[in-house]
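Here is a short briefing on a protein model. Keep the sequence and the 3D view at hand as you read.

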Amino acid sequence: MNYMEITLPNYSYVFNFEEEFKHQDTRVWMVKNWTNSFYFCGIYMILIFGGQHYMQNRPRFELRGVLSIWNTALAAFSILGACRTAPEFFHVLKNYGFYHSVCIPSFIEQDRVSGFWTWMFALSKLPELGDTVFIVLRKQPLIFLHWYHHVTVLLYTWYSYSEYTSSARWFIVMNYCVHSLMYSYYALRSMGYSPPRSFAMLITMCQLGQMIIGCGINIWARQIIQLGQQECHISPTNIKLSLTMYFSYFVLFARFFQKVYFGNGRKSKKSAISVHDSSSKVKSH
């Protein structure tokens, strides 16, 4: 679709790989391959539950050094992603308004910097499945929220990229920002530092806020489409899937939050961190 030309954020520096990004090529690839995410999720499920069975009578692995590198790498990636996508997001909100930010996918079609990091965001949902490997090998609790979240985020993100879902502008920036905090926290923990427990609570509160905003964006977009007075580049199917997913995440994260921080039994700090690690990524999209 052709949209009006917009002015782009004033980036202080654009890397060569960002300048050379061609969103058309990546969309062609995703349209052809997004359904492969179902196979990846199937393999993922077999490996994690098969791995749990394998580890049942075996000693746990520590993997502290590898885990530190893993979390640090994901924290750095998330921080970079947030820094490169947030300028476009706020630029559009300030200069073109809320409607444009939700309904026009200029963030990928007209901005090479934001477009590149949107592509990286979609691809990152596959290697992020590796989070579960550490949980299985270290014999930590593998809660439903963790693997359900990983599977649905991968499926939805790849499907949405194939459609250039415009509301993804919100979901991607929020997810990058939350992951910047979350993986930085995990990196510090795996290095032996002890950030305050309030930081872990803040991360979960941010995740809950992300789910509430996600639901709100979808409800608003649905109303715009039903009125039919303005174009909104989100399919009705996508809205239904996204709204269902965000609402289910909210229920699960709220239950987790209540159980860990306000439950009857006193949760150890280590337990809270373990479950937080199991409930990472929204996400999201």
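**A buried serine**

Ser-166 is buried, with a relative accessible area of 0%. Ser-166 sits in the loop between H8 and H9. Bear in mind that this is a predicted model.

**Around Ser-166**

- The Ser-166 side chain reaches the backbone oxygen of Cys-103, at 3.3 Å.
- Which residues is Ser-166 in contact with, leaving aside its neighbours within four places in sequence? They are Ser-101, Val-102, Cys-103, Ile-104, Pro-105, Phe-107, His-233 and Ile-234.

**Salt bridges**

- Side chains of opposite charge can pair when their charged atoms come close.
- How many salt bridges does the structure hold? There are four.
- One joins the side chains of Arg-84 and Glu-18, at 2.7 Å from N to O. Arg-84 belongs to helix H4 (residues 64–103) and Glu-18 to helix H1 (residues 16–19), so this pair ties together parts that are 66 residues apart in sequence.
- Arg-84 is buried, because its relative accessible area is 12% and the cut-off for buried is under 20%. Glu-18 also counts as buried, at 0% relative accessibility.
- Arg-169 and Glu-88 meet through their side chains in a salt bridge of 3.0 Å, N to O. This pair links distant parts of the chain: Arg-169 is in helix H9 (residues 168–190) and Glu-88 is in helix H4, 81 residues apart. Both residues, Arg-169 and Glu-88, are buried.
- Lys-125 and Glu-128 form a salt bridge between their side chains, with N to O at 3.1 Å. Both Lys-125 and Glu-128 are buried.

**Aromatic pairs**

- A pair of aromatic rings is described by the distance of the centres and the angle of the planes.
- The count comes to 31 aromatic pairs.
- Trp-29 and Trp-158 make an edge-to-face pair, 5.8 Å centre to centre, with 70 degrees between the planes. Trp-29 lies in helix H2 (residues 23–33) and Trp-158 in helix H8 (residues 144–163), so the pair ties together parts that are 129 residues apart in sequence.
- Are these two tryptophans, Trp-29 and Trp-158, buried or partly exposed? Trp-29 is partly exposed, with a relative accessible area of 37%. Trp-158 is buried, at 2%.
- Phe-49 and Trp-147 also form an edge-to-face pair, 5.8 Å centre to centre, with 80 degrees between the planes. Phe-49 is in helix H3 (residues 36–55) and Trp-147 is in helix H8, so the pair links distant parts of the chain, 98 residues apart. Phe-49 counts as partly exposed, at 35% relative accessibility.
- Ring pairs also link a cluster: Tyr-13, Phe-15, Phe-17, Phe-21, Phe-77, Phe-116, Trp-117, Phe-121 and Tyr-176.

**Charges over rings**

- Arg-27 lies over the face of Tyr-164, 4.2 Å from the ring centre.
- The charged end of Arg-58 sits over the ring of Tyr-54, 3.9 Å from its centre.

**Helix H11**

- Helix H11 (residues 236–262) has 27 residues. At 1.5 Å a residue, H11 should span 39 Å. Its end C-alpha atoms are 38 Å apart, which agrees.
- Buried residues in H11 include Asn-238, Ile-239, Ser-242 and Met-245. Tyr-246, Ser-248, Tyr-249 and Phe-253 are also among them.

Definitions and conventions: Residues numbered from 1 in each chain as written. Heavy atoms only, no water. Phe/Tyr/Trp six-rings, centres within 6.5 Å; stacked < 30°, edge-to-face > 60°. Helix = DSSP H or I, 4+ residues; strand = E, 2+ residues; numbered from the N terminus. Buried < 20%, exposed > 50% of the residue type's maximum accessible area, 1.4 Å probe, protein only. Lys NZ or Arg CZ within 6 Å of the ring centre and 35° of its normal. Expected span 1.5 Å × (residues − 1). Polar contact = N/O pair within 3.5 Å; in protein donor to acceptor, adjacent residues only side chain to side chain. Contact = heavy atoms within 4.5 Å.
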